[in-house]
Amino acid sequence: MKKVIAAGLAALAMSVSGAAFAEPVKIGMITTLSGGGAGLGIDARDGFMLALKNAGDAASEIEVVTEDDGQKPELAVQIADKMIQSDQVDILTGIIWSNLAMAVVPSAVAQGKFYLSVNAGPSPLAGSQCNENYFNVAYQNDNFHEAMGQYANQDYQKTFILAPNYPAGTDALTGFKRFYKGELTGEVYTQLGQTDYAAEIAQIRASGADSVFMFLPGGMGIAFTKQYAQSGVDIPLMGPGFSFSQDVLGAIGDAALGVKNSGSWAKDLDNEANAKFVETFQAEYGRLPSVYAAQAYDTANLIVAAAGKASVKDADAFRAALKEADFDSVRGKFSFNTNNHPIQDIYVREVIKEGDVLTNKIVSTAFTDHKDAYAAECSLQ
């Protein structure tokens, strides 16, 4: 177990408004720090901790206990139970993967704990299983894929789609299909953690597709994109920002150049909070941040802002303070819908090269003030 206490860390140039806390706030961060998905969890952890460091005195009473879930649902449940019962955390956060979120979140909120998601956004938690103590500060799983379905309508009529067979994969393809008006030449669910995509690439080659949409986060996306480029299949590839986020672009290499992908954030978003975030993340960690780091950074700043207004021990007051979303988001404007999921703009980005570094630039806006499709199923109206 790794315990990190924000108190005593030197504040950087950015500060978060609000008075110091009247009492401590204890946060349990469960995230993926080992295995093929480690890059995602490391970026989320680093973005979260940077926000607390940047907040200075405003975060002086925040304590964060961090543990590695190994991308295993049963381990995530064990860690959550220990954090709630032994560590007595006030807030849980950090989970990257939707199958882990579905294993942990319902039990945690049923015990009166707040859960703030830095990434995973499975559809049941936005709809029928929504909860007043569950806030998603990232997105609902379908959102980025919906944006690519909307984008694909501009240029493509026959798209082959694929994603891993787990909740986020199902949500991904559901989201794409919700807005895409063309023909699907194939719809394939791969194994979670799969590394060999020869069979799927052969299917794509034979499908008659004029485009490919894939959602394969972490090591899965690295493996697929490199194998796809090496295969010689000359069909345009597109995906959500997760598959082409900053944490994986270096490993994918030039095979990612020119790929269009979607996201609610990019390093070139023109607002003061984002400029300072990118600058301080690079200074602190020696690399560019990813969308996972950006979402976690916003999550920590939301907690700082809410805890500056209300005690976490007063659940109703703290919940109301969270709902206000009174913080400077790196995404610019940000608010919560009735189901405690974001209302936000979503962009189409393109993988480019700046010197020797692969990164993304925004090329268009897919949606403005976009809401997820499940809020009507949520009882929080």
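User: Helices here are DSSP runs of H or I with at least four residues, and strands are DSSP runs of E with at least two. In these terms, what are the helix and strand percentages of residues 24-355?
Analyst: The model under discussion is a predicted one. According to the UniProt record, an unreviewed entry, the annotation "domain: Leucine-binding protein" covers residues 24-355. The end C-alpha atoms of this span lie 45 Å apart, and its composition is 42% helix and 20% strand.

User: How many helices and strands does the chain have?
Analyst: The DSSP runs are numbered from the N terminus. Counted over the chain, they come to 12 helices and 14 strands.

User: What share of contacts between residues at least 6 apart in sequence joins residues at least 24 apart?
Analyst: A contact requires heavy atoms within 4.5 Å. Of the 381 residues, 59% count as buried. Among contacts between residues at least 6 apart in sequence, the share joining residues at least 24 apart is 72%.

User: How far apart do the centres of the positive and negative side chains lie?
Analyst: The accessible surface comes to about 13,600 Å², and carbon and sulfur atoms hold 47% of that area. The chain carries 28 positive and 44 negative side chains. The centres of these two sets are separated by 1 Å.

User: Is Tyr166 buried or exposed?
Analyst: Tyr166 lies in the loop between β7 (158-164) and α6 (167-179). Beyond its neighbours within four places in sequence, Tyr166 is in contact with Trp97, Ser98, Asn99, Leu192, Phe215 and Pro217. Since its relative accessible area is 7%, Tyr166 is classed as buried.

User: Which residues does Ser243 contact, its neighbours within four places in sequence left aside?
Analyst: Ser243 belongs to the loop between β10 (237-240) and α9 (246-252). Its relative accessibility is 1%, and it therefore counts as buried. With those neighbours left aside, its contacts are Met214, Phe215, Leu216, Pro217, Val248 and Ile252.

User: Which helix holds Met220, and which residues does Met220 touch, not counting those up to four places away in sequence?
Analyst: Met220 is placed in helix α8, residues 219-231. With a relative accessible area of 5%, Met220 is buried. Outside four places in sequence, Met220 of helix α8 touches Trp97, Pro164, Gln191, Leu192, Gly193, Gln194 and Tyr197.

User: What is the C-alpha distance between Gly175 and Ala373?
Analyst: Gly175 sits in helix α6, and at 0% relative accessibility it counts as buried. Not counting residues up to four places away in sequence, Gly175 touches Asp142, His145 and Glu146. Gly175 and Ala373 are 198 residues apart in sequence, with a C-alpha separation of 8.9 Å.

User: Where is Tyr180 found, and what is its relative accessible area?
Analyst: Tyr180 is in contact with residues including Gly149, Ala152, Asn153 and Tyr156, its neighbours within four places in sequence being set aside. Tyr180 and Phe213 are 33 residues apart in sequence and 11 Å apart C-alpha to C-alpha. Tyr180 is found in the loop between α6 and β8 (183-190), where it is buried, with a relative accessible area of 8%.

User: Which strand holds Asp369, and why does Asp369 count as partly exposed?
Analyst: Asp369 has a positive phi, near 50 degrees. Its place is in strand β14, residues 357-370. Buried means under 20% relative accessible area and exposed means over 50%, with partly exposed in between. Asp369, in strand β14, falls in the partly exposed class because its relative accessibility is 39%.

Technical notes: Residues are numbered from 1 along each chain as its sequence is written. This is a predicted model: local features need pLDDT of at least 70, side-chain atom pairs count only at pLDDT 80 or more; totals for chains, interfaces and linings use all residues. Side-chain values use heavy atoms; hydrogens and water are left out. Buried means under 20% relative accessible area, exposed over 50%, partly exposed in between (1.4 Å probe, protein chains only). Accessible areas come from the Shrake-Rupley method with a 1.4 Å probe; for residues, only the protein chains shown count as cover. Lys and Arg count as positive and Asp and Glu as negative; His and the chain ends are not counted. The place of a charge is taken as NZ of Lys, CZ of Arg, CG of Asp or CD of Glu. UniProt positions are given in the numbering used here, feature names are shortened, and annotations may be inferred rather than shown by experiment.
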